[in-house]
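Please keep the sequence and the model in view while reading.

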Amino acid sequence: MTNRERVEHAKSTDVLVIGAGPTGLTLAATLRNHGIDVTVVDKLPEGANTSRAAAVAARTLEVLERLDVSRRMIAEGLIAPTFTMRAGDRVLIPVDFSELPTAYPFTLMLSQANTERILLQRLTELGGTVIRPLTLQHVEQEAEGVTATFTDGTAIRARYVVGADGIHSRVREQAGIGFTGGEYPESFALADVRLAAPLDDEGVILFYAKTGLTVVAPLPGDVFRIVAPAADAPERPTVPYVQRLLDQRGFGPGKTVVTEVIWGSRFRIQHRVADTYRAGRLLLAGDAAHVHSPAGGQGMNLGVQDAVALADALAAVLTGAPDTVLDDYSAARRPIAQQVLSLTGQLTRVATLPPPLRPVRNVLMELASHLPVVRHQLAWRLSGLVYR
């Protein structure tokens, strides 16, 4: 079949979403909720079942409320009302979400696999589905739409195409949009573990030890997420490796005992923002538009909030509003990504200071914690409420 014949026989849709992670699924479900025809494709044969992102912020729960998703997530998640920065037993900065003016004064701890499952269930209820596996090869823009062709020869015709296809976005590449930024030098270890004695009511903890940072975050089912920058981070962290991290950087030797590593990996962090979120009929959201340090758990939250904003903008344009509304989406969301990059970059730089400077850092953090404005600003930014 020739390219012309493929275009003539292509499936048609209003919006084609490339990528079925939390961003793509939220975008598609919100569009369906608006009554817009949407097609979602993903190159993976099935959704990933690893936990990856685990923190759902208050602002994200607010924007998902109208999809009737927030209550389902809360039913399966674990509520963490506090976020504490510590050096061993010593509290440096306590962050309390419980008094924030929101129906969700907490961080919800829920694995990304479960978040995706709940979003997919809602998309299905709204009449949507995900086509898998389908790998994008090329997009061609014309006056009235876009034709996307895939590696198996499939063609899909859409009025708009959204790249929700992650850091290595094919849509961004095809759109010719720059992705400005760089990579942090540190590698990070990540592991979901079981402990001999769960840490009750501690919430999310950032340990700022002299030997380095470690994040300990609770997940449902008495599982704990451990994240730590480490030059020797193995590809698959073991029980002895994670135990050593917690002994050296947590509450102290033997105080937190690891009994099992359920899943683990090694990763590096990039910090980049797309030069624009729109090139004609091609748009970006989520990690295709911005990537940054996981410090503060902002990544997935920013992508979900992008998705809701973009779905509203697309629905408006597709029902008669001028397409400059899509420029407004880019103009509004890109500065927010830059603010998040600034916050997470600061948290990462503070966490990875040279060892001789770390005791001084901890003293300064403890002094800063006595200022209510510091604790208040951290709560507002980490909850995402500052971006309302």
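N362 counts as buried, at 6% relative accessibility; buried means under 20% relative accessible area, exposed over 50%, and partly exposed in between (1.4 Å probe, protein chains only). The model is a predicted one, in which local features need pLDDT of at least 70 and side-chain atom pairs count only at pLDDT 80 or more, while totals for chains, interfaces and linings use all residues. Residues are numbered from 1 along each chain as its sequence is written, and side-chain values use heavy atoms, with hydrogens and water left out.

**Surroundings of N362**

N362 belongs to helix α10 (residues 358-368). Helices (H or I, at least four residues) and strands (E, at least two) are DSSP runs, numbered from the N terminus. Leaving aside neighbours within four places in sequence, N362 is in contact with A87, R90, L92 and Y208, where contact means heavy atoms within 4.5 Å. N362 and L92 are 270 residues apart in sequence, yet their C-alpha atoms are 6.8 Å apart in space.

**Aromatic pairs and charges over rings**

The whole structure holds 4 aromatic pairs. Rings of Phe, Tyr and Trp (its six-membered ring) pair if their centres lie within 6.5 Å; planes under 30 degrees apart count as stacked, over 60 as edge-to-face and the rest as tilted. Two of the pairs are tabulated here.

| Pair | Centre to centre | Angle between planes | Class |
|---|---|---|---|
| F188 and F267 | 5.4 Å | 20° | stacked |
| F207 and F251 | 4.9 Å | 80° | edge-to-face |

F188 lies in strand β12 (residues 179-195) and F267 in strand β16 (residues 258-274), so this pair ties together parts that are 79 residues apart in sequence. F188 is buried, with a relative accessible area of 5%, whereas F267 is partly exposed at 21% relative accessibility.

The charged end of R172 sits over the ring of F179, 3.7 Å from its centre, and R281 lies over the face of Y160, 4.9 Å from the ring centre. A charge sits over a ring if NZ of Lys or CZ of Arg is within 6 Å of the ring centre and within 35 degrees of the ring normal.

**An open sheet**

An open sheet of 3 strands has the order β3-β7-β4, with antiparallel pairing. β3 (55-56) and β4 (78-80) stand at the edges, each with a single partner strand, so one side of each has no neighbour in the sheet. Strands pair if DSSP finds at least two bridges between them; β3 is joined to β7 (residues 107-109) by 2 bridges. A55 has M109 in β7 as its bridge partner.

**Backbone features**

Most residues other than glycine have a negative phi, and most peptide bonds are trans. The peptide bond from R132 to P133 is cis, with omega near -25°, and P133 is placed in the loop between β8 (130-131) and β9 (136-141). D68, although not a glycine, has a positive phi of about 60°; D68 is in the loop between α3 (58-64) and α4 (70-76) and is partly exposed, at 27% relative accessibility.
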